[in-house]
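Trainee: I am new to this structure. Can we go through the terms used for it, and what stands behind each one?

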Amino acid sequence: MNKTAQAGLEDATEARHIGDPRTDVATALHQLSTLVQGIYLRVSERHDLTPVQARLLCVLLDGPRGMAELAQCFGVEKAALTGLMNRAERRGLAQRSAVPGDRRALQVTLTDAGHEAAMAFHAEVSVELDRLVAPLAPDVRERFGDTMAEIIEKCRGSGGCAGHR
């Protein structure tokens, strides 16, 4: 585990002493986010990806995306996304192509190697995340899933990519 992930886990452990997660939703969400980010980091490292590369591949599993849409999804300027795409193309994971009917626009798609890497990463992350909630009773797990789906649906209109894998 790298120092950033370790510090995040230590912060989450420290937060347990600040407030009881059962009554402090913000603290509990922060701790859960730290756990999920740690899983994402570990799995991406095992697949020789950065977390942002892994996220790009998973977003693209849903189909081609425009560069402007991806920049909005990642909350970055197009120039920053261009750097990410340059690295993904050099590794043979994704490719840019012109959008028919719009000479200025580019869309991004996965290559076969990128699709394979995305599917492998997504499958392993899913197993790890399932392990995270496995101790919950089935009815609690279902309520938790319903609650997360409701939050995601309400936030989906905010312009992010909450709906990606």
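Mentor: Start with threonine 109. Threonine 109 is buried, at 18% relative accessible area. Keep in mind that this is a predicted model.

Trainee: Why is threonine 109 called buried at 18%?

Mentor: Buried means under 20% relative accessible area. Threonine 109 has 18%, so threonine 109 counts as buried. This residue lies in strand E3, residues 102-110. Beyond residues up to four places away in sequence, threonine 109 touches Leu60, Pro64, Ala94 and Gln95.

Trainee: What makes alanine 117 buried or partly exposed?

Mentor: The cut-off again: buried is under 20%, exposed is over 50%, and partly exposed is in between. Alanine 117 has 21%, so alanine 117 is partly exposed. Its place is in helix H6. Leaving aside neighbours within four places in sequence, alanine 117 is in contact with Leu57 and Leu93.

Trainee: How do you know which class valine 125 belongs to?

Mentor: Valine 125 has 7% relative accessibility, so it counts as buried. Valine 125 is found in helix H6, residues 112-133. Its contacts, not counting residues up to four places away in sequence, are Tyr40 and Val43. Valine 125 and tyrosine 40 are 85 residues apart along the chain, yet their C-alpha atoms are separated by 6.6 Å.

Trainee: And serine 44: buried or exposed?

Mentor: Serine 44 counts as buried, because its relative accessibility is 0%. It sits in helix H2, residues 25-46. Not counting residues up to four places away in sequence, serine 44 touches Leu49, Thr50, Pro51, Ala54 and Phe121.

Trainee: What share of the chain is buried?

Mentor: Buried residues make up 30% of the 165 residues in the chain.

Trainee: Now the helices. Why are H3 and H5 called roughly perpendicular?

Mentor: Angles of 65 to 115 degrees count as roughly perpendicular. The axes of helix H3 (residues 51-61) and helix H5 (residues 78-90) cross at roughly 80°. H3 and H5 are therefore roughly perpendicular to each other. Their axes come within 11 Å.

Trainee: Which residues meet there?

Mentor: From H3, Val52, Gln53 and Leu56. From H5, Leu84, Met85, Arg87 and Ala88. By class, this contact has five nonpolar residues, one polar and one charged.

Trainee: On to the strands. What makes E2 and E3 a pair?

Mentor: Two strands pair if there are at least two bridges between them. Six bridges join strand E2 (residues 94-99) to E3, and the two run antiparallel. One example is serine 97, which stands opposite glutamine 107 in E3. E2 and E3 also form a hairpin with two residues between them. In its turn, glycine 101 has a positive phi of about 90°.

Trainee: How many bridges does E1 make with E3?

Mentor: Strand E1, residues 65-66, pairs with E3 over two bridges. The cut-off is at least two. The sense is antiparallel. Glycine 66 has glutamine 107 as its bridge partner in E3, and arginine 65 stands opposite valine 108.

Trainee: Why do E1 and E2 count as edge strands?

Mentor: The three strands form an open sheet in the order E1-E3-E2. E1 and E2 stand at the edges, each with a single partner strand, so one side of each has no neighbour in the sheet. Helix H3 lies across E1, E2 and E3, running at about 100° to E3.

Trainee: Last topic: cysteines. How many disulfides are there?

Mentor: A disulfide is a pair of cysteine sulfur atoms within 2.5 Å. By this rule the count is zero. Cysteine 58 is buried, because its relative accessible area is 2%. Cysteine 155 has 40%, so it counts as partly exposed.

Trainee: What is the overall pattern of helices and strands?

Mentor: The chain has seven helices and three strands. Along the sequence they follow the pattern α-α-α-β-α-α-β-β-α-α.

Definitions and conventions
Residues are numbered from 1 along each chain as its sequence is written. This is a predicted model: local features need pLDDT of at least 70, side-chain atom pairs count only at pLDDT 80 or more; totals for chains, interfaces and linings use all residues. Side-chain values use heavy atoms; hydrogens and water are left out. Axes are lines fitted to C-alpha atoms, for helices over the stretch in contact, and angles run from 0 to 180 degrees between N-to-C directions. Helices (H or I, at least four residues) and strands (E, at least two) are DSSP runs, numbered from the N terminus. Angles under 35 degrees count as roughly parallel, over 145 as roughly antiparallel, 65 to 115 as roughly perpendicular and the rest as oblique. Contact means heavy atoms within 4.5 Å. Ala, Val, Leu, Ile, Met, Phe, Trp, Tyr, Cys and Pro count as nonpolar, Asp, Glu, Lys and Arg as charged, and the others, Gly among them, as polar. Buried means under 20% relative accessible area, exposed over 50%, partly exposed in between (1.4 Å probe, protein chains only).
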